[in-house]
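Please work through the exercises below with the sequence and the model side by side, trying each task before reading its solution.

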Amino acid sequence: MDLQRLHKERRVAFWGQVLPYLGYVIQSGLAVVFGFALIAFAAWYTSLLMHTPPDLPIRWIMLITAIPIAHASFRTYLNTADIVFLRPQEYAMQHYFKASRIRGVVYKIFGLLLLSIIAWPLYIRSDAAPKPLLLTLLLFVLLKLLFSYGGWQELRMVSAGASLGYRLLRWVLAVMMVAAWLWQPPLRSLPFMVLVSVVYVLVLRFPVKLLVAWERLIRTESMQAARVMRTLGWFVDVPALTQRVTPRRWLSWLGGNIPWDRKGAYRYLLFKTFLRTEPAGIVIRLGLLGLLIIYITHTSWIGIAVYLFFIFLIGVQITSLRQYHKDSLWLQLYPIPAQSRRASFLDFVVRMTLPAAVVLWLPFLTKGSEDLLSTLLTLAGGILGVFMIRGTQAKKWRSDGQDEEEV
């Protein structure tokens with residue numbers, strides 16, 4: 001069997017399913033919004049370059065920009081049947097995975113270099129001792145290759161706990177090495193980074209690994225495919241794919257006060273689905289990242305724009321649950337009217353997005369009473385954004401015809 005050809009055929013087949021939906025995504029107005037956002041960003045960035053604040057925390061900004069160095073993901077296009085039909089070819093599967101490893105690195109390197117080049121003019125204007133551009137880009141590429149190698153080794157580890165621990169180690173080392181490069185002179189930072197890299201590669205040899213971790217690779221591929229389809233689901237109806245269920249006992253108390261009756265049944269289902277699926281993890285990460293960036297930029301109007309942008313991002317993740325149980329047979333059998341489901345979903349959106357908007361607003365309180373009116377107006381804008389998200393979802397629910405009584 002030609003395994004490289006099989007990988008290519010599966011990749012073409014998957015993206016062949018996705019491409020027909022892209023036309024609907026463009027028709028939804030995303031292209032226009034993206035164009036206006038690009039123009040607005042270019043105008044804002046030009047203005048920032050011309051009037052750079054003297055106290056701009058540029059090294060922290062560059063550190064955040066370079067954090068994607070630690071990200072590692074690979075599309076293998078494996079499915080459950082491969083455990084049976086491809087296992088006899090396990091000894092030669094490196095030929096199948098070759099394209100996955102290359103594509104999993106190349107595209108991310110291009111994105112990382114693009115972000116770095118965009119941020120570079122601001123960096124050289126703000127940093128007292130900027131590092132050379134070409135050397136920095138070369139260093140970022142090498143680090144990306146290093147951590148992509150580490151991410152692939154994590155997928156082969158037998159122990160799920162070891163894989164999780166090494167994933168955390170990968171992110172910690174990425175932050176340490178990039179910070180060392182930005183804050184320390186090259187003669188100090190380069191030997192430190194080389195030493196850490198060598199130790200990291202050696203440490204990766206300790207855990208027991210499988211030649212091909214079939215179950216983990218198939219589960220990871222299923223999650224990534226579902227993520228693509230869920231993103232398309234923000235704009236058009238797409239087939240639902242399997243979602244990963246993650247028990248989060250430390251959040252299990254959320255939704256526990258919902259009345260145990262027919263009126264609260266769908267809201268309870270939404271809360272528990274949210275807590276055990278991927279959007280909850282994304283919302284938590286977005287919240288932490290948003291708090292950091294807003295705290296850095298809260299003294300200017302940039303902080304307000306970032307605040308509203310993160311409310312939108314969190315709202316997108318929360319409202320993605322509209323598609324999770326759309327085709328569930330049990331919702332057709334259980335006597336929950338469609339109108340009740342609509343009201344429960346809109347209530348759920350407000351209950352989850354509004355606290356997030358308040359938490360993200362907290363860094364603005366550090367300005368004190370010197371600009372109290374602006375601080376309060378920012379909170380009002382965040383609350384307005386939450387109810388705008390609710391209104392948009394109400395329109396989508398009606399346009400999908402889900403207001404009609406089904407039971």
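Predicted model: local features only at pLDDT ≥ 70, side-chain atom pairs only at ≥ 80, totals over all residues.

Residues are numbered from 1 along each chain as its sequence is written, and side-chain values use heavy atoms, with hydrogens and water left out.

**Exercise 1.** State how many helices and strands the chain has.

Solution. Helices (H or I, at least four residues) and strands (E, at least two) are taken as DSSP runs, numbered from the N terminus. On that basis the chain has 14 helices and zero strands.

**Exercise 2.** Describe how helix 10 and helix 11 are arranged.

Solution. Begin with the axes, which are lines fitted to C-alpha atoms over the stretch in contact, with angles from 0 to 180 degrees between N-to-C directions. The axes of helix 10 (residues 278–297) and helix 11 (residues 301–319) come within 9 Å and cross at roughly 180°. Helix 10 is therefore roughly antiparallel to helix 11, a term for angles over 145 degrees.

**Exercise 3.** Decide whether S100 is buried or exposed, and find its partners.

Solution. S100 lies in helix 4 (residues 93–126). Leaving aside neighbours within four places in sequence, S100 is in contact (heavy atoms within 4.5 Å) with H7, F74, R75 and T76.

Key
Parallel < 35°, antiparallel > 145°, perpendicular 65-115°, else oblique.
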